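Take a look at the model below. The questions after it work through its parts one at a time.

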Amino acid sequence: MNIDQQAEALISCWSCKGPCPQASAFCHTCGAVQPPGQADHFTRLGLDVSFEIDPGVLDSFYFNLQRGLHPDRFATRTPKEKVLSQAQATAINDAYETLKEPLKRADYLVHLKGMGVFPEGCNLVNDQTLLMESIELREALAEAETRHDVEVIAARAADDIATCIRQLSELFAADDIEGACRLTTRLKYLQKLAEEARAQKAKMN
Amino acid sequence: MANLLQIHEPGATPTPHEGDSGLSIGIDLGTTNSVVAISTDGKPEVLRDENGAALVPSVVAYAPDGSAIVGGMARNLLLDRPDSVVGSIKRLMGRGVEDIKSLAGTLPFDVSPAEEGETGMVRLNVAGHRLTPVEISADILRALKERAEDHLGHTIQAAVITVPAYFDDAARTATKDAARLAGLDVLRLVNEPTAAALAYGLDKDAEGVYAVYDLGGGTFDISILRMEKGVFQVLATGGDAALGGDDFDHAIAEYFLDERAGKLGENKLTGSEVKMALMTARLAKECLSHESSGEWVLDVGGKQSRHRLDRQTFEKLINDLVERTLKICQSVIDDSAIETSAIKGVVLVGGSTRVPLVRSGVESLFGKAPLADIDPDEVVAIGAALQAEALTVGSDTLLLDVTPLSLGIETMGGLIEKIIPRNTPIPVAKAQEFTTYQDGQTAMAIHVVQGEREMVDQNRSLARFELRGIPPLTAGAARIRVTFAVDADGLLTVTATEDSTAIEAEVAVKPSYGLSEEEMAAMLYDSMKNAKDDMTARLLAESRVEAGRNLNAVRSALNVDGDLLDGAQRDAIDAALEALQAAVSGDDRDAIEGAAEALENITKPFAEKRMDRGIRAALRGARVETLDSEASNG
């Protein structure tokens, strides 16, 4: 088993035709850029699979990868290298965008860890408390007449979002994926509400 | 040993043209003025004419034989031969006839009605010719290229060209097409505010979050960027591709013409009166940026009228326009999720930021005095030149830009489904799955639009993609995966595959406002008397780059795994390497291709041996690992 995996992890470099580790962005022999290959977003950016991410570390890993792989580094190279660099940079951007925001990160991590456990995904609303809470806040927002009213709701949403993210951290740390899944749904609602509050505020300008 | 040395010899990878390829230019192709600059060893230089002027007015005058004059001389002909002179053509890039209607009055263009089978791109009548904005822009680019060539004493092939960040796909494509017509390879389309940030950040060693407020002749952009350690990361961008200093001119001109009509008791305006009023308005605007009032005379058709204007009235005339830019700023700040107070500075770009009302508006919105230490007219071209150098000779700086507008597709009932939201870092790709709704269906159409509104007709139509060659299956059985990819130039490509059969569907593009492939080919042919020579040179250059890659790959492989070969095998590969190296130094493309193929054939067994060795080493490593873990378990 182990042997097969090891042997599989080698590919033939498209440029020098020699052996090249599959997970490597560049050929170890000739330095040619390789296709992005399959990897989860954490691994692609060189991070541990965890909800806890230091934004500074995320940024610096992201920048370092783009420094080597962004299409701007391949502007005078062969068409094949341009295509591969675009594919690499696209995959890195996708990983960065997903992991940067807590909601997207939580959603992704639940799917990554709970593959097969939650076939319906996390959007299923069977949580009565959440439903009531969301309806109540929506109504409050709809009835808000002044900028101040909206700001009060927005502040409450912001508070709830912060709490929700904190709780998510704890649940992921305890490997309680089912609990994390429920909270991710709540976070989704809260962020949507915050967004609507922002839009309403913009309209009042 | 001799061979190893050869690898490191500086002369080992020369190509005769490599010396030239290090020199590419940066072009700020503006609505009112354009600027060309070049950077060597990190030192950018704006290229000026004999009078020291950097700005080339983006005005083209055409002679009846079709030859073009660009710049100040063309602008001087505007009043004498208004039908032969075009300005502000950038406003029409990637636009259709119906867009012009909404700009009617602002733009004294003579629009030619569309002909059978043409795309929606605008065509103009100029000096008896029917020209597209792409061709007219190409003439401006050609003039800028010539200025650079005169300055440097040799030909220029590649350039970085800046575009407004808020330019949509159609306008970007039009700009790239114009460059192709002008014989320039576009190394990259860079967003104007990003280019300005690059010039500013490198020059001032700026770190932190900055805003770039860029109000040009015809376009407005606002970008929020984070700059640190050579990385320029755009957090959010927004703007209006049809709002600029031209509109200030127009507001003043309208005011003058209203007065004139009242004074002279006429209300029918001639084309010359409008053009004259616009020119005078521009002078008034520039004057009122440092004086408090002035007086101007409109002298057209033997009739004179005098017009007084003070700064207060001028500011009243343009107040709504400036307010519009500030509102856009606010929503982009919101998008960036950055508090206004956390923005360290606001950089002013574009000639129109000289207007005092603009400066004071920006200052009160951001709560700090804006920065304009680098000439706002030249900063974009300087950034473009720096990036052109970075792309050709390499650099540590990194520009990470975003999509300015959301990209979506038309769904049932004229609604839009967003595929790529605005402010997503580029390059980006998103896949979407579609299915067929009829048995045996082999084609389907996808309408791609750009914009933030909910309905199709409120957004900008980019193109209709027709997928053909879908394998005929029962309705709903086909799984067609359509991938929308936006590259580092901000340009969209669409590819499609049927998942259950892995058959690649053919994608035919009908750009809504672009040029069709045939039109572009015909223009390219017309534009180059020596089109064939140019094509040959391009193909030769491509073969050289490809051969250079091949040489490097084989040499690196020999360096690592050379011991796998016996003497005769090694000699054969060395001979093939030398032959390809010799061919690359020549001008015969077929010889290069032939030598490359020979090298490829002769190294095949070598490649197999290398893979064998790699796999065996991997297996050995795996066994050792297994043993290790067994040992530790025991």
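Here are some questions and answers on this structure.

This is a predicted model, where local features need pLDDT of at least 70, side-chain atom pairs count only at pLDDT 80 or more, and totals for chains, interfaces and linings use all residues. Residues are numbered from 1 along each chain as its sequence is written, while chains are lettered from A and ligands numbered from 1 in the order in which they are written.

Q: Which residues make up domain 3 of chain A?
A: Domain bounds come from an automatic or database domain assignment. In chain A, domain 1 covers 1-34 and domain 2 covers 38-100. Domain 3 of chain A is 120-204.

Q: How many residues does domain 2 of chain A give to its contact with domain 1 of chain A?
A: The C-alpha centres of these two domains are 19 Å apart. Two residues are in contact if their C-beta atoms, placed from the backbone, lie within 7 Å. Domain 1 of chain A gives five residues, and domain 2 of chain A gives six residues.

Q: How far apart are the C-alpha centres of domain 3 of chain B and domain 4 of chain B?
A: Chain B has four entries in its assignment: domain 1 (18-203 + 375-394), domain 2 (245-317), domain 3 (407-516) and domain 4 (528-614). Between the centres of domain 3 of chain B and domain 4 of chain B lie 39 Å.

Q: Which residue is the bridge partner of Gln233(B)?
A: Strand 15 (residues 231-240) of chain B runs parallel to strand 19 of chain B, and three bridges join them. The partner of Gln233(B) lies in strand 19 of chain B. That partner is Leu400(B).

Q: Are helix 15 of chain B and helix 16 of chain B roughly parallel or antiparallel?
A: Axes are lines fitted to C-alpha atoms, for helices over the stretch in contact, and angles run from 0 to 180 degrees between N-to-C directions. Helix 15 (residues 567-585) and helix 16 (residues 589-602) of chain B pack at about 160°, with axes 8 Å apart. Angles under 35 degrees count as roughly parallel, over 145 as roughly antiparallel, 65 to 115 as roughly perpendicular and the rest as oblique. Helix 15 of chain B and helix 16 of chain B are therefore roughly antiparallel.

Q: How many nonpolar residues are in the contact of helix 15 of chain B with helix 16 of chain B?
A: Ala, Val, Leu, Ile, Met, Phe, Trp, Tyr, Cys and Pro count as nonpolar, Asp, Glu, Lys and Arg as charged, and the others, Gly among them, as polar. Helix 15 of chain B brings residues including Ile573(B) and Leu580(B), and helix 16 of chain B brings residues including Ile592(B) and Leu599(B). No polar and no charged residues take part, and the nonpolar count is 15.

Q: Which helix gives the largest share of the side of chain A that touches chain B?
A: The contact takes 32 residues from chain A and 41 residues from chain B. Among the elements of chain A that give two or more residues are helix 1 (2-8) and helix 8 (177-204). The largest share, five residues, comes from helix 4 of chain A.

Definitions and conventions
Two strands pair if DSSP finds at least two bridges between them. Helices (H or I, at least four residues) and strands (E, at least two) are DSSP runs, numbered from the N terminus.
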